[in-house]
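Here is a short report on a protein model. Read it with the sequence and the 3D view open, and find each part as it comes up.

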Amino acid sequence: MEEGSDFVRLASRLLLAAAFSLSFVTCAMADGTPAGTDITSQATINYTITGTVYTELSNTVTTSVAEVLDLSLVWQDAAPVEVPPGILDQALAFRLTNIGNGSDSFSLAGQSTLAGDDFDPVLANIHLDTNGNSRFDPGIDELYIPGGNDPVLAADAFTLLFLLNDIPPNATVGQLGASMLSAASNTGIGAPGTVIVGAGENGLDAVVGANGGNLDSQGSYRIVALSAQVAILKSAVVADPYGGSQPVAGATITYELSVIATGTGTTNDVVVSDVIPLNTTYNPGTLMLNSTPVTDAVDGDSGDMGGTTPGAITVSIGDVAVDGPGQTITFTVTID
Amino acid sequence: MNRAIIVTVLVLLLVGVANASVELNTVALTEITTTSETGQEVTTLVPAGKVVPGDEVIYTIHFVNSGTEPASDVVITNPIPDHMVFTKVEESPDGASVSMSADGGSRYDSPRNLTVKDAKGQPRPAKASEFTHVRWVFQDSLEPGAEGSVSFRAQLQ
């Protein structure tokens, strides 16, 4: 396209710079200017001496953008999560966003013995939203291991986190129990404005942002009665292709849904459906009720896959009595 | 054609250097606030070596006529730096009028007269965040030895 030498291109640029004010393109940045950006400014003066017009440029002053360390952490459930007493591994969802201007990783911690609530949930684990569907999926969403799989977020990126608690059996209906998730920048925390020399991305200086580099967020549970309800306890067992239990591609997850009624009375015409998690595929022919196979088609038997509820298994259990036997649904999926 | 451009540039640069009567020097400063022993807040200006989003930078352009002849029709122009939004003019010499551009420096006017085109191509008043240049037009000649500063503030996005 262009045959001129580099010198000619450079000369043309100099001419343009000298003859006109520098043209200016606004960069469509969504959020903060990225760490490491150089901000330059240069003034131009025009003047006349004895009829001759002169144009001069000032020096160029350069200011570099340091990495600001900042985050937001927000509880996602719209209201206290309703749980019966004695149930295990109940998830509160939180959204962690890197609102700094460079990549950062964050360490997480949970705390459930808080003041101001009616009962203390029992802290179990923190899980990452491994399949990115904003919902806790047992067996798929990886267990958080401090220092092992700290979430790494690019500037403006976010992730969901699940704080799991067991609900004590002696909690009573209507009681509230709070649990808190904390997230802290691994690059540094401290008073806002603290400079951490060389600690940022690519050795840039890092500056602690307005939140001090760490934040807490609280969520809560509300105890509801089991009497007029059935409880579904869902568990998952992972078997990977290499003889282990890692949730890797190709691993099989066996889900078991135990349907029980507690309290008093019988719940009639119970229908259970369960969505096949994102990034997994249902293994045809694996749906069973109380260890008896149920065909995948919509037919005379008690359940189907995808027919009654798209993308979900659906099983009609009928009546579930408090003093009757529990009902167990199993099926398997393979991680894509 | 290309050779002609090179020669023109070289001549321009040589002439410019030989007759650099009015010189400019730009510095970038930020304000830091500290609390004195008596508990009063003291704001000082320091060179803006490092900034983070939200910081305000004060660009100060010092001018001096180091020649022997007065300079007339003096105009100082500064593009608003990339990633920054103009916030205010800090300092203007007596008798200098300030105008802005919102179209990359083609047209300058008082801020209230500047427009940009909306999504339908209709003109609407320009916002401060859309200003691309700030300009000072001096009414008076700059006598030999005269000096001063113009400055403006901009905030890092």
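## An open sheet in chain A

In chain A, 5 strands form an open sheet in the order 7-16-13-9-11, and the pairing is mixed. Strand 7 and strand 11 of chain A are the edge strands, each pairing on one side only. Helices (H or I, at least four residues) and strands (E, at least two) are DSSP runs, numbered from the N terminus. Two strands pair if DSSP finds at least two bridges between them. Strands of a sheet pair through backbone hydrogen bonds, either parallel or antiparallel.

Now look at strand 9 of chain A, which covers residues 104-111. What is its pairing sense with strand 13 of chain A? The two are antiparallel, over 6 bridges, and strand 13 covers residues 176-185. Within this pair, A:Ala109 has A:Ser182 as its bridge partner. A:Gly110 stands opposite A:Leu181. Strand 9 of chain A also pairs with strand 11 (residues 152-153) in the antiparallel sense, over 2 bridges. There, A:Ser105 stands opposite A:Val152.

## How the model was treated

This is a predicted model: local features need pLDDT of at least 70, side-chain atom pairs count only at pLDDT 80 or more, and totals for chains, interfaces and linings use all residues. Residues are numbered from 1 along each chain as its sequence is written, chains are lettered from A and ligands numbered from 1 in the order in which they are written, and side-chain values use heavy atoms, with hydrogens and water left out.

## A buried serine in the sheet

A:Ser220 lies in strand 16 of chain A, residues 214-223. Is this serine buried or exposed? A:Ser220 counts as buried because its relative accessibility is 13%. The classes are set by relative accessible area: buried means under 20%, exposed over 50%, and partly exposed in between (1.4 Å probe, protein chains only).

Which residues does A:Ser220 contact, leaving aside neighbours within four places in sequence? They are A:Trp75, A:Pro80, A:Val81, A:Leu92, A:Leu176, A:Gly177 and A:Ala178. Contact means heavy atoms within 4.5 Å.

## The largest pocket

The largest pocket holds about 970 Å³ of space. Of its 31 lining residues, A:Asp89, A:Gln90, A:Pro138, A:Ile232 and A:Lys234 are the closest to its centre. A pocket is found on a 1 Å grid over the protein atoms alone: it is an open set of points where a 1.4 Å probe fits, with protein on both sides within 12 Å along at least five of seven lines, and lining residues have an atom within 4 Å of a point. Grid points are joined across faces, edges and corners, and a volume is the space filled by probe spheres set on the points.

Strand 17 of chain A gives the most to this lining, with 7 residues. The lining divides into 18 nonpolar, 7 polar and 6 charged residues. Ala, Val, Leu, Ile, Met, Phe, Trp, Tyr, Cys and Pro count as nonpolar, Asp, Glu, Lys and Arg as charged, and the others, Gly among them, as polar. Where does the pocket lie? Domain 2 (68-223) and domain 3 (230-335) of chain A both give residues to the lining, so the largest pocket lies between them. Domain bounds come from an automatic or database domain assignment.

## Two positive phi values

Most residues other than glycine have a negative phi. A:Asn290, not a glycine, has a positive phi of about 50 degrees. A:Ser291 has a positive phi too, near 70 degrees.

A:Asn290 is found in the loop between strand 21 (288-289) and strand 22 (292-293) of chain A. A:Ser291 lies in the loop between strand 21 and strand 22 as well. A:Asn290 counts as partly exposed, at 36% relative accessibility. A:Ser291 is exposed, with a relative accessible area of 65%.

## Chain B

Chain B has 1 helix and 11 strands. Of its 157 residues, 40% count as buried. Strand 1 of chain B pairs with strand 2 (residues 41-47) in the antiparallel sense, over 7 bridges. B:Thr33 stands opposite B:Thr43 in strand 2. The hairpin of these strands has 5 residues between them, and B:Gly39 takes a positive phi near 85 degrees there.

B:Ser21 is found in the loop between helix 1 (2-18) and strand 1 (22-35) of chain B. B:Ser21 counts as buried, at 14% relative accessibility. Among the residues that B:Ser21 touches are A:Tyr47 and A:Ile49 of chain A, and B:Asn65. B:Ser21 and B:Asn65 are 44 residues apart in sequence but 5.6 Å apart in space, C-alpha to C-alpha.
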